[in-house]
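Student: I would like to learn how to read a structural model feature by feature, with the general idea and then the case in hand. Could we begin with the model itself on view?

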Amino acid sequence: IVAFWNAPLDQKDHKKLALLAAVDCQVEMARLNVALTQYTIKPAARVGVNSGPMVVGNMGSKTRLSYTVMGDSVNLASRLEGANKFFHSKIMTSEETFGALKDFFDHRYLGSIRVVGKAIPVRVYEPFARKGQAAPEIQAMLRAYEAGIEKFYKADYAGSLPDFRAALAARPGDGPSQFYIEEAEKYIKEPPKDWDQSFNLTSKG
């Protein structure tokens with residue numbers, strides 16, 4: 001599914017609206033997972049959100065036409081959707097979209113990534129809910145996770161482990177917490193050399 005805002009009519013808060021839609025989709029997904037007890041396979045979705053210049057309009061041919069968007073900014077949104085698999089996150093949004101909206105959401109910093117085909121890294125985040133509205137277990141997880149992130153990116157890998165483990169205990173199965181536990185354990189044994197603190201993705205997801 002591709003969704004876009006700010007076209008054909010201008011929308012002042014288009015970035016915020018897109019992020020709220022992503023958050024609401026995940027809330028509804030969680031509700032469905034509880035409600036659909038008759039199915040063994042549960043619905044799941046990943047979301048990538050990005051902003052930037054793009055071509056908008058009717059594209060295709062006379063026999064098959066679609067009003068859609070194209071361009072590098074659109075491609076990055078698609079890459080971010082797939083990059084959720086790297087951190088095992090549900091929503092991934094770029095600094096371009098999220099930078100001015102951090103105070104509106106309960107969120108976390110996932111990291112800095114280079115997607116396939118790009119040399120410049122992108123800082124990415126995962127929003128969970130409108131500010132102050134995340135579930136208690138998510139809020140507890142975020143407090144521990146943020147403490148771990150601060151230590152991890154100061155190269156205190158051993159010191160970050162208790163925090164990430166506390167985050168995982170607060171929200172069992174939390175993918176990014178588990179990801180950083182594994183990275184910290186790896187870096188304790190062999191600290192990275194000349195690392196610019198960005199992760200290079202090797203597939204499109």
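Student: Leaving aside its neighbours within four places in sequence, which residues is Ile113 in contact with?

Tutor: Please keep in mind throughout that this is a predicted model. Once the neighbours within four places in sequence are set aside, Ile113 is in contact with Leu80, Ala83, Phe87, Met92, Ile120, Pro121, Val122, Val124, Phe199 and Leu201.

Student: Which residues have the most contacts inside the largest nonpolar core, and how many residues does that core have?

Tutor: The largest nonpolar core has 46 residues, and those with the most contacts inside it are Phe87, Ile113 and Tyr180. Helix 4, residues 136–152, gives the most to this core, with seven residues.

Student: How should I read a helix such as that one, and which residues of helix 4 are buried?

Tutor: An α-helix has 3.6 residues a turn, so residues three or four places apart point the same way. In helix 4 the buried residues are Ile138, Met141, Leu142, Ala144, Tyr145, Gly148, Ile149 and Phe152. These buried residues pack against strand 5 (105–114) and strand 6 (122–130), and also against helix 5 (157–170) and helix 6 (175–189). As for its span, helix 4 has 17 residues and reaches 24 Å from its first C-alpha to its last, close to the 24 Å expected at 1.5 Å a residue.

Student: What span should helix 5 have, and how far apart are its end C-alpha atoms?

Tutor: Helix 5 has 14 residues, which at 1.5 Å a residue should span 20 Å, and because its end C-alpha atoms are 20 Å apart, the two values agree. Its buried residues are Tyr157, Ser160, Leu161, Asp163, Phe164, Ala167 and Leu168, and what covers the buried residues of helix 5 includes helix 4 and helix 6.

Student: What is the phi of Ala155, which lies in the loop between helix 4 and helix 5?

Tutor: Phi of Ala155 is positive, at about 70°, although Ala155 is not a glycine. With 47% relative accessibility, Ala155 counts as partly exposed. Another residue other than glycine with a positive phi is Gln197, where the value is near 65°; Gln197 is found in the loop between helix 6 and strand 7 (199–200) and is partly exposed, with a relative accessible area of 33%.

Student: Which peptide bond is cis, and what is its omega?

Tutor: The bond from Ala7 to Pro8 is cis, with omega near 5°, and Pro8 lies in the segment before helix 1.

Student: Turning to pockets, how much space lies in the largest pocket, and which residues are closest to its centre?

Tutor: About 860 Å³ of space lies in the largest pocket, and of the 30 residues that line the pocket, the closest to its centre are Val2, Ala3, Phe4, Trp5 and Gly48. The elements that give two or more residues to this lining are helix 1 (14–35), strand 1 (47–49) and helix 2 (72–87), and the largest share, seven residues, comes from helix 1. By class, the lining of the largest pocket has 18 nonpolar, nine polar and three charged residues.

Student: How much space lies in the second largest pocket, and which elements give two or more residues to its lining?

Tutor: About 400 Å³ of space lies in the second largest pocket. Of the 22 residues that line the second largest pocket, the closest to its centre are Gln26, Val27, Ala30, Phe128 and Ile138, and the elements that give two or more residues to its lining are helix 1 and strand 6. The residues of this lining divide into 14 nonpolar, three polar and five charged.

How values were computed. Residues are numbered from 1 along each chain as its sequence is written. This is a predicted model: local features need pLDDT of at least 70, side-chain atom pairs count only at pLDDT 80 or more; totals for chains, interfaces and linings use all residues. Side-chain values use heavy atoms; hydrogens and water are left out. A nonpolar core is a set of buried Ala, Val, Leu, Ile, Met, Phe, Trp, Tyr and Cys residues joined through side-chain atoms within 4.5 Å. Buried means under 20% relative accessible area, exposed over 50%, partly exposed in between (1.4 Å probe, protein chains only). Helices (H or I, at least four residues) and strands (E, at least two) are DSSP runs, numbered from the N terminus. Contact means heavy atoms within 4.5 Å. The expected span of a helix is 1.5 Å times one less than its number of residues. On a 1 Å grid over the protein atoms alone, a cavity is a set of points where a 1.4 Å probe fits but cannot get out, and a pocket is an open set with protein on both sides within 12 Å along at least five of seven lines; lining residues have an atom within 4 Å of a point. Grid points are joined across faces, edges and corners, and a volume is the space filled by probe spheres set on the points. Ala, Val, Leu, Ile, Met, Phe, Trp, Tyr, Cys and Pro count as nonpolar, Asp, Glu, Lys and Arg as charged, and the others, Gly among them, as polar.
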